[in-house]
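Here are my notes on the ligand site and the pocket around it. Please read them with the model open.

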Amino acid sequence: MKVILLGATGMVGQGVLRECLRDPAVEQVLTLGRSTTGQKHEKLIELIHKNFFDFSSIEHELTGYDACFFCLGTSSAGMSEQEYRRITYDLTMAAAGTLARCNPGMTFIYVSGAGTDSTGTGRMMWARVKGETENALLELPFRAAYMFRPGYIQPLHGIVPKTRWLKRFYDMVGPLYPLWKRLLPGYVTTSEQMGRAMLHAARHGARKHVLENRDINELCPPPPLPGL
Ligand SMILES: NC(=O)c1ccc[n+]([C@@H]2O[C@H](COP(=O)([O-])OP(=O)(O)OC[C@H]3O[C@@H](n4cnc5c(N)ncnc54)[C@H](OP(=O)(O)O)[C@@H]3O)[C@@H](O)[C@H]2O)c1
């Protein structure tokens, strides 16, 4: 399987990249980003592109892929709806539209988030915009598209959140992950489960096109935690 990964420098994308590189069934991973991941691996090709609203100059490099894992995204904190929509909807649709045209046999997996609003009418701006994005992606002519809605994601294997405030947040709540997992199993997952569940959906499909946190964990059961 040949995979394109967007958002590979982010917290979710780093986890997904790790699982892709470890999976023997993945023969190649192309990361498409505005900066490098800094990683070197025989299966990894990095494509740096500066304008994420226009991929016409690199279309020829984006063909022949079986799956796209779209982990690119931004927080809505401090953003107007217009600014947030430009990244979340416009940029995503520019990338996905190009990929659908170049790879009609592709499975496309989008990371949105728990609480995403499919009706497009809710009061939470981020949830509405993510919901509109999901709906538009589901209309594109991919072989299959899956919307992943994780809740809390525990970064594993040395993955560090990009922003300082998020790093501080994970330093505080991360050690309590075994407790969250026991109390709220349907609302928490890990960076490893995200990657493995995406690979599973790309290879075997999934029963639903919109997968909530619980569905993601069901696709990829977690390894048992020591002591639990
Ligand atoms: N983290 C969580 O616990 C969590 C939970 C639920 C859902 N999610 C969703 O998962 C997605 C990824 O989250 P994350 O925590 O991994 O975010 P992150 O660590 O901030 O990473 C964001 C990624 O998107 C890229 N990106 C952002 N804006 C871009 C732009 N304008 N042009 C090109 N690339 C851009 C970043 O690239 P650069 O390195 O170049 O900035 C980076 O690779 C988001 O949609 C988020 O809502 C995350």
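1. Start with the polar contacts (pairs of N or O atoms within 3.5 Å; within protein, one must be able to donate a hydrogen and the other to accept it, and residues adjacent in sequence count only if both atoms are side-chain atoms). A backbone N or O atom of G7 sits 3.3 Å from a ligand oxygen. For M11, a polar backbone atom is 2.9 Å from an oxygen atom of the ligand. R34 uses its side chain: a polar atom there lies 2.8 Å from a ligand oxygen. Alone, the ligand exposes 900 Å², and the protein buries 81% of that (Shrake-Rupley areas, 1.4 Å probe).

2. A caution on the source: this is a predicted model, where local features need pLDDT of at least 70 and side-chain atom pairs pLDDT 80 or more, while totals for chains, interfaces and linings use all residues. Numbering runs from 1 along each chain as its sequence is written, and side-chain values use heavy atoms, without hydrogens and water.

3. Around the ligand are 22 residues, each with a heavy atom within 4 Å of it. T9, V12, R34, K130 and K162 come nearest. The shell holds eleven nonpolar, eight polar and three charged residues; Gly counts as polar here. Helices α1 (11–22) and α2 (81–102) each supply at least two shell residues (DSSP runs of H or I, at least four residues).

4. The ligand takes up the space of the largest pocket (an open set of points on a 1 Å grid over the protein atoms alone, with protein on both sides within 12 Å along at least five of seven lines; lining residues have an atom within 4 Å of a point).

5. Which helix gives the most to the lining of the largest pocket? It is α4, with four residues.

Key. On a 1 Å grid over the protein atoms alone, a cavity is a set of points where a 1.4 Å probe fits but cannot get out, and a pocket is an open set with protein on both sides within 12 Å along at least five of seven lines; lining residues have an atom within 4 Å of a point. A molecule sits in a cavity or pocket if more than half of its atoms lie within 2 Å of its grid points.
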